[in-house]
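Hi everyone, thanks for making time for this. Please have a look at the picture on the screen, and I'll walk you through a few parts of it.

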Amino acid sequence: MSTLLISHPSFLDHDTGEYHPERPDRLRAVLKALDDQAFSGLVRAEAPIATREQLTRVHPADLVETILGVNPPPGELVNVDADTVISAGTAEAIQRAAGAVILAVDAVMEGRVANAFAAVRPPGHHASATLPGGFCLFNNVAIGARHAQARHGIERVAIVDFDVHHGNGTQAIAEHDVSLFYASTHQYPFYPGTGSARERGIHGNVVNMPLSAGSGGEEFRAAWADGILPKLDRFEPELLIVSAGFDAHRRDPLAQLNLEAEDFAWLSRELMAMADKHCKGRLVSALEGGYDLQALAASAAAHVKVLMRL
Ligand SMILES: [Zn+2]
């Protein structure tokens, strides 16, 4: 069975302005890497627009309408916070970014593909139900998790997050709901300030493994192997969703962890093994951060190669 790659040209039309690290070239770099002959086995699809029903499983309807209604004229940007902006192309991009994860969930749950990678932007893991921020408007992975539960009768969904920043938005959505599990490694203390090991959710369904600046592959692998994977195993998810951010790479300009592409590949293999054990292999991965184009492209390619079992 194959791996599905979902993207859409509209993701390039979310304009963040000059000098913003979360820029269209990020996605171009990822898609160029996945254009290589080695990835000819990927099944490719365009991201659909998520419906209001799908978006409002996570975000209140008035927030969805407010964000989608901003719609500035071409060339103008509206700031949501200091580093989160809305441009003319944003509304379509964010509806399709959520739609990409929903299509990934549908394809995996219906057994049409083994697993899927949603190459999207903007990212989503800093968006809580009611508060966008940190480059994120809608929480793509949480919308995918709720869709799996509402549409496919899945009870337990695990979201694991290896982006260098703590996924405060996803945690806020998951921490009071025992049907969700959220686990993260991230640089700490660091933006957005959350993600201490003491934050554990209402039934231990949140696992945070903070890493000090300067940590590398050894600390990262130990955090997953000893801290997160045993608890993920006990949660027995029926679907595994990955917040795949590649900004913990040593080349990344926004953070100070020292991972290599091979560290992302290692974790991807561990997560595939967990999905095989509990989820009939069902794994959906969605792009979050990653701001050095070369590191992002190489790391995303390494991740997708593991999904394809190459
Ligand atoms: Zn990040």
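Here is something to start with: leaving aside its neighbours within four places in sequence, which residues is Thr16 in contact with? Contact, in this talk, means heavy atoms within 4.5 Å. With those neighbours left aside, Thr16 is in contact with Glu22, Arg23, Leu77, Val85 and Arg121.

Before I go on, a word about the model. It is a predicted one, where local features need pLDDT of at least 70 and side-chain atom pairs count only at pLDDT 80 or more, while totals for chains, interfaces and linings use all residues. Residues are numbered from 1 along each chain as its sequence is written, and side-chain values use heavy atoms, with hydrogens and water left out.

Back to Thr16. You'll find Thr16 in the loop between strand 1 (3-7) and helix 1 (24-33). Helices (H or I, at least four residues) and strands (E, at least two) are DSSP runs, numbered from the N terminus. Is Thr16 buried or exposed? Thr16 has 7% relative accessibility, so it counts as buried. The cut-offs are these: buried is under 20% relative accessible area, exposed is over 50%, and partly exposed is in between, with a 1.4 Å probe and protein chains only. The side chain of Thr16 also reaches the backbone oxygen of Glu22, at 2.9 Å.

Now let's follow the chain into helix 1 and see how helix 1 meets helix 9. These two pack at an angle of about 40°, and their axes are 8 Å apart. The axes are lines fitted to C-alpha atoms, for helices over the stretch in contact, and angles run from 0 to 180 degrees between N-to-C directions. Helix 1 and helix 9 are therefore oblique to each other. To place that word: under 35 degrees counts as roughly parallel, over 145 as roughly antiparallel, 65 to 115 as roughly perpendicular, and the rest as oblique. From helix 1, the contact is made by Asp25, Arg26, Ala29, Val30 and Ala33, and from helix 9 by Leu293, Leu296, Ala297, Ala300 and Ala301. Sorted by class, this contact of helix 1 with helix 9 has eight nonpolar, no polar and two charged residues. For the classes, Ala, Val, Leu, Ile, Met, Phe, Trp, Tyr, Cys and Pro count as nonpolar, Asp, Glu, Lys and Arg as charged, and the others, Gly among them, as polar.

Helix 9 has another partner to look at. What is the angle at which helix 8 (residues 261-278) and helix 9 (residues 293-307) pack? The angle is about 25°, with the axes 8 Å apart. That is why helix 8 and helix 9 are roughly parallel to each other. On the helix 8 side we have Ala261, Phe264, Ala265, Ser268, Arg269 and Met272, which meet Ala298, Ser299, Ala302, His303, Val306 and Leu307 in helix 9. By class, the contact of helix 8 with helix 9 has eight nonpolar, three polar and one charged residues.

While we are in helix 8, please find Glu262, which lies there. Glu262 is partly exposed, with a relative accessible area of 42%. The side chain of Glu262 makes a polar contact with the side chain of Arg269, at 2.7 Å. A polar contact is a pair of N or O atoms within 3.5 Å; within protein, one must be able to donate a hydrogen and the other to accept it, and residues adjacent in sequence count only if both atoms are side-chain atoms.

Next, Asn115, in strand 5 (residues 115-118). With 1% relative accessibility, Asn115 counts as buried. Which side chain does the side chain of Asn115 make a polar contact with? The partner is the side chain of Thr3, at 2.6 Å. Not counting residues up to four places away in sequence, Asn115 touches several others, including Met272 and Leu307.

Last stop: the segment after helix 9, where Arg309 lies. Arg309 is exposed, with a relative accessible area of 54%. Arg309 and Ser2 are 307 residues apart in sequence, and 9.3 Å apart in space, C-alpha to C-alpha. Not counting residues up to four places away in sequence, Arg309 touches Met272 and Asp276.
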